[in-house]
Amino acid sequence: MDIAIVGLGKMGANMARRLIKGGHHVVGTDHSPENTQKLAAEAGLIPAASLNKVVDALLAPRVVWVMVPAGAPTEAVINELAELLLPGDTVIDGGNTFYRDDIRRAATLKQKGIHYMDVGTSGGIWGLTEGYSLMIGGEAETVSRLSPIFETLAPAVDQGWGHVGPVGAGHFVKMIHNGIEYGMMQAYAEGFGIMEAKKDFNLDLHQIAEIWRVGSVVRSWLLDLTANALKTDQKLTDIAGWVADSGEGRWTVFEAVDLDVPAPIITLSLQQRFTSRQQDSYAYKLLAAMRNQFGGHEVKKVEK
């Protein structure tokens, strides 16, 4: 199946690699021509210098997967595609878009006969080898028609992906996923922070993470990544305890307020990230290290 990827950052490039390896013909473009040419040389991507060239390179009905930062960059790309694509074509937004923007964009594209899907995508920098968790919003018929794409990107043909509801539902579910992730990360960070503070036991935090990884009730992929972060330097000497947030944690909290649903753990974990920008602690260092492990997110280094 032909598909285009717009945005060849870390995740977009790895998705293109996985699709190409799975036998799909993938056209790609990026704001950095170097990214496009590099992927063309090493993985067999069909390079395109512009969105216009992307559309020209695809067979109808066209499928364009957008993987650029949420907000204005995604808005600009989709607005341009709206003028280039034809009835029957499909736009997929796989970024971290706010779900209400999906609903608005889908209504606009529908007037032109263009299908729109929102796919909440989890897996970070590990998706190339492990597969991506895909939470899909859109029309059931379109999801079914494009299922070969999702089957290739997912961990298995029948695992790790699914049609969760109409347009907007995919990114809504991904938003809640990230809110839960905030709470889980905060709990790990606080627990390891307490152990790091117990100096008289001289605890080996990497050893403890490895013990918990197998058989314990708190084992998880996040714990696997925590163990990996602690392997080389469990004191996290070079990492500043400054933790960013992508925005989805905030949206989750706002939604909880709108729906009158109590979400104290997620809300407090978001507030703790704000606190990290005012003070330094081991727990915040570990939160920053975890984000780097699963998503390749930049960490602030300790100023020397």
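This briefing walks through the pocket, the aromatic rings and some individual residues of the structure above. Please keep in mind that the model is predicted. Its largest pocket has a volume of about 1,300 Å³, and a search of the whole structure finds 6 aromatic pairs. Helix H9 will come up again and again: Phe172 lies in this helix, which covers residues 169–197, and H9 also gives the largest share of the pocket lining.

**The largest pocket**

- Rolling a probe the size of a water molecule over the atoms shows where empty space is left.
- The lining of the largest pocket is made up of 45 residues. Nearest the centre of this pocket are Met11, Met67, Asn96, Gly295 and His297.
- Several elements each give two or more residues to the lining: helix H1 (10–21), helix H4 (72–84), strand E6 (115–122), H9, helix H11 (221–232) and helix H14 (282–295).
- Which element gives the largest share of this lining? The answer is H9, with 7 residues.
- Sorted by class, the lining residues of the largest pocket are 18 nonpolar, 20 polar and 7 charged.

**Aromatic rings**

- Among the 6 aromatic pairs found in the whole structure is the one between Tyr99 and Phe172, which is edge-to-face. The ring centres of Tyr99 and Phe172 are 5.1 Å apart, with 85° between the planes.
- Tyr99 belongs to helix H5 (residues 99–110) and Phe172 to helix H9 (residues 169–197), so this pair ties together parts that are 73 residues apart in sequence.
- The two partners can be told apart by their accessibility: Tyr99 counts as buried at 10% relative accessibility, whereas Phe172 is partly exposed at 26%.
- Ring pairs also join Phe98, Tyr99, Phe172 and Trp251 into a cluster.

**Charges over rings**

- Arg273 lies over the face of Tyr182, 3.7 Å from the ring centre.
- Arg277 has its charged end over the ring of Trp242, at 5.0 Å from the centre of that ring.

- Where does Thr97 sit? Look in the loop between strand E5 (90–93) and H5.
- Thr97 is buried, because its relative accessible area of 2% is under 20%.
- Setting aside residues up to four places away in sequence, Thr97 touches Ala70, Thr74, Asp102, Arg105, His171 and Trp251. One of these, Trp251, is also a member of the ring cluster.
- Met175 is placed in helix H9, and this residue is buried, with a relative accessible area of 1%.
- With residues up to four places away in sequence left out, Met175 touches Phe98, Tyr99, Glu248, Trp251, Thr252 and Glu255. Phe98, Tyr99 and Trp251 are members of the ring cluster.
- Met175 and Ile20 are 155 residues apart in sequence, and their C-alpha atoms are 28 Å apart in space.

**Another spot on H9: Ala189**

- Ala189 is also in helix H9. Is Ala189 buried or exposed? At 0% relative accessibility, Ala189 counts as buried.
- Apart from neighbours within four places in sequence, Ala189 is in contact with Ala283, Leu286, Leu287 and Met290.
- Between the C-alpha atoms of Ala189 and Thr226 there are 9.1 Å, while the two residues are 37 residues apart along the chain.

**Backbone details in the loops**

- Ala60 and Pro61 are joined by a cis peptide bond, with omega at about -5°. Pro61 is found in the loop between helix H3 (51–57) and strand E4 (63–66).
- Asn202 is not a glycine, yet this residue has a positive phi of about 50°. Asn202 is in the loop between H9 and helix H10 (205–213), and at 67% relative accessibility this residue counts as exposed.
- Asp260 has a positive phi too, of about 60°, although this residue is not a glycine. The loop that holds Asp260 runs between helix H12 (248–258) and helix H13 (264–276). Asp260 is exposed, with a relative accessible area of 69%.

Conventions: Residues numbered from 1 in each chain as written. Predicted model: local features only at pLDDT ≥ 70, side-chain atom pairs only at ≥ 80, totals over all residues. Heavy atoms only, no water. Phe/Tyr/Trp six-rings, centres within 6.5 Å; stacked < 30°, edge-to-face > 60°. Helix = DSSP H or I, 4+ residues; strand = E, 2+ residues; numbered from the N terminus. Buried < 20%, exposed > 50% of the residue type's maximum accessible area, 1.4 Å probe, protein only. Lys NZ or Arg CZ within 6 Å of the ring centre and 35° of its normal. 1 Å grid on protein atoms, 1.4 Å probe; cavity = no way out; pocket = protein on both sides within 12 Å on 5 of 7 lines; lining within 4 Å. Points joined across faces, edges and corners; volume = space filled by probe spheres on them. Nonpolar A, V, L, I, M, F, W, Y, C, P; charged D, E, K, R; others polar. Contact = heavy atoms within 4.5 Å.
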